[in-house]
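Here are some notes to go with your first look at this one. Keep the viewer open and find each residue as you read.

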Amino acid sequence: MAIDVTPSVPVETLTSFDRQTRMSARVQRPTTTRELENLPPDCPRIARGAGVSYVAASFDREAVSQSVQGLDRVLDFDVASGRLRVEAGISIAAVQRIALRHGWYLPIAPGHARA
């Protein structure tokens, strides 16, 4: 199945976190949520976070991986309640740094700070 995407979506070599799976795939790196919609509606796409999965869950030859790492902004933070609203690409390490500066701590976090 051929992907009908614009030439502006470059091909990159992506690797699983354990480096067992390597593949050339198209990767879009949006910095705004509006850019996520720049692909044709019928284009297969996969969301890609920090790339710390041990399986190739975020890339495939027949789809565009949409990296959310550029969508890493804090949208709102209520310091009194500790409620933090962020974009999908922010790392747990960044959230932890922000929280700690204001006296908050994440009681549970995934196993890797880049996640």
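**Notes on the charged pairs, the rings and the helix**

1. Let's start with charge: there are 2 salt bridges in this structure. Bear in mind that you are looking at a predicted model. In general, side chains with opposite charges can pair when their charged atoms come close.

2. Take Glu12 and Arg29 to begin with. Their closest N and O atoms sit 2.8 Å apart, and the two form a salt bridge. Glu12 belongs to strand β1, while Arg29 is in the loop between β2 and β3, so this pair ties together parts of the chain that are 17 residues apart in sequence. How accessible are the partners? Glu12 is partly exposed because its relative accessibility is 24%. Arg29 also counts as partly exposed, at 44%.

3. Now look at Glu87 and Arg73. This salt bridge has its closest N and O atoms 3.2 Å apart. The pair links distant parts of the chain: Glu87 comes from the loop between β6 and α1, and Arg73 from the loop between β4 and β5, 14 residues away.

4. Next, the rings. You'll find 1 aromatic pair here. Phe17 and Tyr54 make it, in an edge-to-face arrangement, with 5.2 Å from centre to centre and 75° between the planes.

5. Phe17 is partly exposed, at 27% relative accessibility. Tyr54 counts as exposed, at 53%.

6. Finish with helix α1, which covers residues 92-101. Which of its residues are buried? They are Ala94, Val95, Gln96, Ile98 and Ala99. As a general rule, an α-helix has 3.6 residues a turn, so residues three or four places apart point the same way. The cover over the buried residues of α1 includes β5 (74-78) and β6 (83-86). After the helix comes Gly103, with a positive phi near 85°.

Technical notes. Residues numbered from 1 in each chain as written. Predicted model: local features only at pLDDT ≥ 70, side-chain atom pairs only at ≥ 80, totals over all residues. Heavy atoms only, no water. Phe/Tyr/Trp six-rings, centres within 6.5 Å; stacked < 30°, edge-to-face > 60°. Buried < 20%, exposed > 50% of the residue type's maximum accessible area, 1.4 Å probe, protein only. Helix = DSSP H or I, 4+ residues; strand = E, 2+ residues; numbered from the N terminus. Contact = heavy atoms within 4.5 Å. Salt bridge = Lys/Arg side-chain N within 4 Å of Asp/Glu carboxyl O.
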